[in-house]
Amino acid sequence: MITRLTAPTMFRASAALAIVSLAMLLGCQHSAPPNAGLKVTAQGTALVESSGGHQVGVTGTALKDPLVVQVNDDKGTAVPGALVEFHGPPGVSFDPAAAVTDSSGQATSTVTLGSIAGRSQLTAETPGRSKPVSIAIVETALGYQQRVGFILAEQYCSRCHDPESSPQRVSNFDNLEVKPHPFTEGSTLNKISDTDLTSIILHGGPALNRSALMPPYGNTLSAADVKALIAYTRAVSDPPYEPPGTVYARK
Amino acid sequence: MQTIRKYLSSAWQVLFGDPVRAFGVVSVILLLALAIAPAKEHFSQWHSFQRNYLALIRDRGDAISLRRRFEPGIHQIWLPELGVVDRCTTCHLGLKEASLSDVSQQPFRKHPVVPHSLDAFGCVICHGGQGPATTVAEAHWSERAGEQPILPTRYIEAGCGQCHQNAPPGTPQLNQGRALLTRYGCVHCHAITRPDGSKVAATDHPPSLLHIADKTTREWIFSWLKDPQAYAASTTMPNYELSDADANDISAYLVSTSTAQTGDTVASGARPAAAADPAAGPSLYGESFCASCHAVQNAAGNLVGGDLGPELTRIGNKAKPEWLAAWLENPRTYDSTTPMPHYRFTPQQIATLVAFLQAKSDSDFGSGVHLNGANPQQIAHGRKLIVELGCAACHEINGVQKPENFAPELSTIGSKPLAQIVFLPNMEHSLPSYIVAKIRQPRTFGSSVKMPQFTLTASQTDALTTALLALTARGRAMPDNLRVAAVPETNYQPAGHAGKLITELACFSCHRFNGRGGDMAPDLSWEGSSVQRQWLTDFLHNPNTLRPSLIRRMPRFNLNDSDNKELTDYLLTVYQSPAIDPDLALGASDSADVVEHGRQLFYSKYACQACHIVDTKTDKGYIGPTLTQVGSRLTPGWIYAWLKNPQALRPGTTEPNQNLSDEDAHALTAFLMSLKGTSGRGAKQ
């Protein structure tokens, strides 16, 4: 006798097929874990950021210096051969995404920023003894406007406002009687409104009863330039700048 | 069969057995058919994005205003002049909402601030992708014939470069890439024509090989060809990955066809050499500011010096001493277009410098290379290789013509259809990844590929890729009025004896005059309006620096008095600005009172001491030049015009335009002109 496929059995068959194909799809997506092929020989209990954090880069591009983290054990000695995985928000990529620490206990990865400007919270994670140990790393991505601000700052502002000297640019910071505020000095600059910063840039320090050592740039920079400079300052400020009104908008 | 027929006839009976029921069934079917279109729309991707957007804004503080500006349905930006039909804003709903700049959920984030408005340019002009599409896959990733996926953010400046043929300040990566295209000589082999029809010209200076045997040995040529970076890490010469036999044959051809250079240099090499002074070598090298153009690797492995001339870390391995002496005596005899100036060195100085440079050698480089004499077959094979590899596209070589269109033209490489590209296995199927792979490792694309291996950092490769992706068909089809043209270098050439002097001293290598020349040193197009005669004469005799913090400085050319006078006269007479009054008289205002008023303005109102030093005891600022002797250096007309608007005289200079009143500018000019400095700064220090 021929068994006829009744509606319920057909439904069950197609459902099973769907589940299998869904599982296959999911399986495809997770077929290659980032640490595949890595030879892990040890485990540490602590992670330390060695270098490469707090960099400022441009959206979509690789940061100049690689991110280096170190895995330590309880006594604080470096652990070679331990696994470190790097994670970031969508768009941020790592090369490699997982690494095993070298002979000095350090794992290195090149960070490519995502296309969204602003601070990115990255994490480095190592399995640890009982539960994973992770640390947070902050990198900043400059968008178009902020980078224009950075370029203008390098041209007009940084010689005085940046206390650091480089062979290409000797800082004038130490020579000034009244010290200018570095653009990263969030503790001061975050309290000054965009309007006041604009006034100082356009009309010089005396516009807000500050030092005449800050000259007026109102006839030199365009309105868009000034906005770009302020956007750059806000992007690199430490502690981070919270624009007024965001709390209200986010509710 | 029987059963199926039975089933069908009973179903027919059930549905259409009675006219009223049949009418009902037909109505239901009609209704369902009518519902297909709205249902399709309801379940479309863009519709679900619009629902998500509404859900996102519902809980925000400014929900009411956001909701009011939201329009349901498909949105479209239509710009017939540009060929733009962009429906991106159907899903990217928050692009213009300032308050959504903190939203990380795409596609709803506000667009970052850029100079162009969305409504005037649309999206795909800059980002690429398919504007009319209404699904993510089709809009972002379509690879169908003639379609390109959107540009990755990494190369987004390529979008700008389609119209902006100049170097906009906001696109450093694009500008760097374009500079690399010319500096690394890519355009010697690959022609690139800009949309306006002008050709991109190379800015490097590949040496002529016509007299190569005078300059160096066959063994050096062999080692160099095998691995140019082993000789000089910073060289732009690529590695052709030649076998020993091939490098041997090329070196044999070059040396066997090399002709003796004309002129008196061979004689000068043979003349009794003056005794070298070994102790004076480093200081002479330093005083002559060779490092402004030439780099040398220091003990820590870092390159110190400029990149206008070749790296000199191992020059002793390369240059024959007699050639070096002849070159230092007058480089133009060997190479009439070299950017190297003709220093007027004494025979003693030449001997000292030759000894100093010959000592810069590396016993490891090329050790163990001993080449036997070459037979005619090898020489002929060397010529064949030179023709095949296109050496003559960059270098002048005896007996080999410069090839035309040696490599594929790249004028529209940014629109190369993906279907025409043969990708390597395991390679992302996209144009940027293809270009990156081609630049990084061209030889992996097959053994017949002639393109050599360049030494570029990852960021240089990205910059080059950006510049290449900017060369699109869309860029060429843009209306002319939207295109920002490149600023072409003029072919300005001063004439007469002074013009000859300017060429000999290679002033154009560093300085710019009337739109031609380098950017290492100040533009001198208006120098005649700027400086005083005595100062210029003294400066040309012994250029003392105005800005101590600069590393690259003007060298001393050891000019004789008549050449110095000729050059001074020419600079002062010809390079005048119509905007500057050459006879600006300070008149009655040039009194002690006015000078004192100027001093007060300088120190209090304008706080110029922040950047300039007038009194070395109290002032410390050193952003601008030291002004202790400015009254002996600059003309009052220039100072006045500068104070009124520095940006007009030197665009981009750090000093801002302070919008000075005429009175203040006069007083400050009077004060600055009173700063004559200490006397006794003679010409023959």
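This is a predicted model: local features need pLDDT of at least 70, side-chain atom pairs count only at pLDDT 80 or more; totals for chains, interfaces and linings use all residues.

Biologist: Fine. How many helices and strands does chain A have?

Modeller: Chain A has six helices and nine strands. It comprises 251 residues, of which 31% count as buried.

Biologist: And what share of its contacts links residues 24 or more positions apart?

Modeller: Among contacts in chain A with a separation of 6 or more, 57% are between residues 24 or more positions apart.

Biologist: Let us look at the strands. What is the order in the open sheet of four strands?

Modeller: The order is β1-β3-β7-β5, in chain A, and the pairing is antiparallel.

Biologist: Which strands stand at the edges?

Modeller: Those are β1 (46–51) and β5 (93–95) of chain A; each has a single partner strand, so one side of each lacks a neighbour in the sheet. From one strand to the next, the twist averages 35 degrees.

Biologist: How many bridges does β1(A) form with β3 of chain A?

Modeller: Five bridges, in the antiparallel sense, pair β1(A) with β3 (residues 67–72) of chain A. Within β3(A), Val69(A) is the residue opposite Glu49(A).

Biologist: Now to β4 of chain A. How many of its five residues are buried?

Modeller: Four of the five are buried, so strand β4 (residues 83–87) of chain A is mostly covered.

Biologist: Which strands is β4(A) joined to by bridges?

Modeller: Three bridges join β4(A) to β6 (residues 98–100) of chain A, running antiparallel. Three bridges also join β4(A) to β8 (residues 118–126) of chain A, again antiparallel.

Biologist: Which residues face Glu85(A) and His87(A)?

Modeller: Glu85(A) has Ala98(A) in β6(A) as its bridge partner, while His87(A) stands opposite Thr123(A) in β8(A).

Biologist: Changing topic: which residues have the most contacts inside the largest nonpolar core?

Modeller: They are Val84(A), Tyr232(A) and Ile639(B), in a core of 78 residues. Helix α5 (residues 223–236) of chain A gives the most to this core, namely eight residues.

Biologist: What is Val84(A) in contact with, beyond its neighbours within four places in sequence?

Modeller: Its contacts include Val69(A), Val71(A), Ala98(A), Ala99(A), Ala107(A) and Ala124(A). Thr101(A), Glu125(A) and Thr126(A) are also in contact with Val84(A).

Biologist: How many residues are in the second, separate core?

Modeller: That core has 28 residues, including Leu151(B), Ile439(B), Ala467(B) and Leu468(B).

Biologist: On to chain B. At what angle do α31 and α33 cross?

Modeller: The axes of α31 (residues 636–644) and α33 (residues 662–673) of chain B cross at roughly 135 degrees and come within 9 Å. That angle makes α31(B) oblique to α33(B). The crossing of α31(B) and α33(B) is right-handed.

Biologist: Which residues make that contact?

Modeller: From α31(B), they are Pro636(B), Ile639(B), Tyr640(B), Leu643(B) and Lys644(B). From α33(B), they are Ala665(B), Leu668(B), Thr669(B), Leu672(B) and Met673(B). Ile639(B) was also named above for its contacts in the largest nonpolar core.

Biologist: Lastly, how many residues does each chain bring to the contact between chain A and chain B?

Modeller: Chain A brings 32 residues and chain B brings 38 residues. On the side of chain A that touches chain B, α2 (144–161) and α6 (246–250) each supply at least two residues. Helix α2(A) gives the most to that side, with seven residues.

Methods
Residues are numbered from 1 along each chain as its sequence is written. Chains are lettered from A and ligands numbered from 1 in the order in which they are written. A nonpolar core is a set of buried Ala, Val, Leu, Ile, Met, Phe, Trp, Tyr and Cys residues joined through C-beta atoms within 7 Å. A residue is buried if 20 or more other C-beta atoms lie within 10 Å of its own, exposed if 12 or fewer, and partly exposed in between; C-beta atoms are placed from the backbone. Two residues are in contact if their C-beta atoms, placed from the backbone, lie within 7 Å. Two strands pair if DSSP finds at least two bridges between them. Axes are lines fitted to C-alpha atoms, for helices over the stretch in contact, and angles run from 0 to 180 degrees between N-to-C directions. Angles under 35 degrees count as roughly parallel, over 145 as roughly antiparallel, 65 to 115 as roughly perpendicular and the rest as oblique. A crossing is left-handed if the near helix is turned anticlockwise from the far one by less than a right angle, and right-handed if clockwise.
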